[in-house]
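Hi,

Here is the structure I said I would pass on.

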Amino acid sequence: MGNKREQLRAKFAELEEKKKAMEVEISAIAQELNSPGPNKAPPVGMKGNLVDHEGFPRADVDVHAIRLQRNRYATLQNDHKGIMKQIEELLKEIMALPKEKNVSSHPDSVPVPTPVKVKSTSEANRGIDESVSELVAFLWVDRVEPGSPAESAGLRVGDRILRFGSVRHLSENVSPLFDAVVQEVGRNINSPIDVVIERDLGRQTLHLTPRQWSGRGMLGCNLMPLALTGVL
C-alpha cells in the first residue's frame, strides 16, 4: 500500500509541475496579446480585429504570429482543464487510500485543512476578520477575459481563491459556496469586493468590482471548484 501511495504522490507532483508550466505560458501569452503593439498600436487581445476597414490584414501587427498565439492559448486552456481533471481524480484516489500511521510526521503526507469559520458580511465590514494564514482555497481561476473587471483587478489564470468578500471555506462541499459567491457579486454591483488569493506560494488581496462591461457576466472570469480543498 505504501508503494501505491508513493506512486500516486509522484504522479501528483508530475501533474502539478505540468500544470504550473501551462499557467506560466498562458499568463505570458495573455500578457503579450494585451500589450501595445509596435508603434504603440492598441493591444489586439484575444478577439481584436486582425483586418483593417477594407478587409486586408492589418499592417501594424504581426497577424500570423497573433493567430498562432491565440491558437496556442486556446490549446493550453483546454489542456489545463484536462490536467486539472486528472489531478482531481488522482487526489480522490489518494484520499481513498487507508490512512497511514503517524501521517502528520510523514514528509510527503497530504495535509487535511482545518475548516475556518464563515463570518457574516456585517462582521467583515466592521473589520472583524480571521488571520489570512487560516484561510483555505476553495476556487481556482480557470479563465480571465481581456478587458474584464477580473483582469482590471489583477486576477490571473491559476490563482486560487481563499476568500471572496465574506465567503470563506467551511466544508468540503463547495456547492453552497458557489451560491454564496453569486450572491456576494449580486450585492456588490459597482462596489469593490476584497478577494484574497494564493499565487506562487504567496497570498495577496485584490479588489474586484462587479460591473457591466463589453463581455459576458459581471466579472469576466471563470471560477472552478477545488473539490478537495487545501490539497490541490
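Of the 232 residues in the protein chain, 38% are buried. The chain exposes about 13,300 Å², with carbon and sulfur atoms supplying 52% of that area. Bear in mind that this is a predicted model.

On the fold: the chain has five helices and six strands, and from the N terminus the order goes α-α-α-β-α-β-β-α-β-β-β. If you take the contacts with a separation of 6 or more, 67% of them join residues 24 or more positions apart.

How far does the predictor trust all this? The mean pLDDT of the chain is 76, and 76% of the residues reach 70 or more. Among the elements, helix α4 (residues 149-153) has the highest mean pLDDT, at 94, while helix α3 (residues 121-125) has the lowest, at 39. Over residues 102-130 the pLDDT is below 50, although the model gives this stretch 45 contacts beyond near neighbours in sequence. Residues 228-232 also stay under 50, and there the model has 21 contacts beyond four places in sequence.

Which element gives the largest share of the lining? That would be α5, with four residues. Strand β6 (221-225) is another element that supplies at least two.

Asn 188 sits in the loop between α5 (175-187) and β4 (193-199). Is Asn 188 buried or exposed? It counts as buried, because its relative accessibility is 17% and the cut-off for buried is under 20%. Leaving out residues up to four places away in sequence, Asn 188 touches Ile 193 and Pro 210.

The other one is Gly 48, in the loop between α1 (2-33) and α2 (63-96). Its relative accessibility is 24%, so Gly 48 counts as partly exposed. From Gly 48 to Asn 34 is 14 residues in sequence and 9.9 Å in space, C-alpha to C-alpha.

Cheers

Terms used. Residues are numbered from 1 along each chain as its sequence is written. This is a predicted model: local features need pLDDT of at least 70, side-chain atom pairs count only at pLDDT 80 or more; totals for chains, interfaces and linings use all residues. Side-chain values use heavy atoms; hydrogens and water are left out. pLDDT is the predictor's confidence in each residue, from 0 to 100. Contact means heavy atoms within 4.5 Å. Buried means under 20% relative accessible area, exposed over 50%, partly exposed in between (1.4 Å probe, protein chains only). Accessible areas come from the Shrake-Rupley method with a 1.4 Å probe; for residues, only the protein chains shown count as cover.
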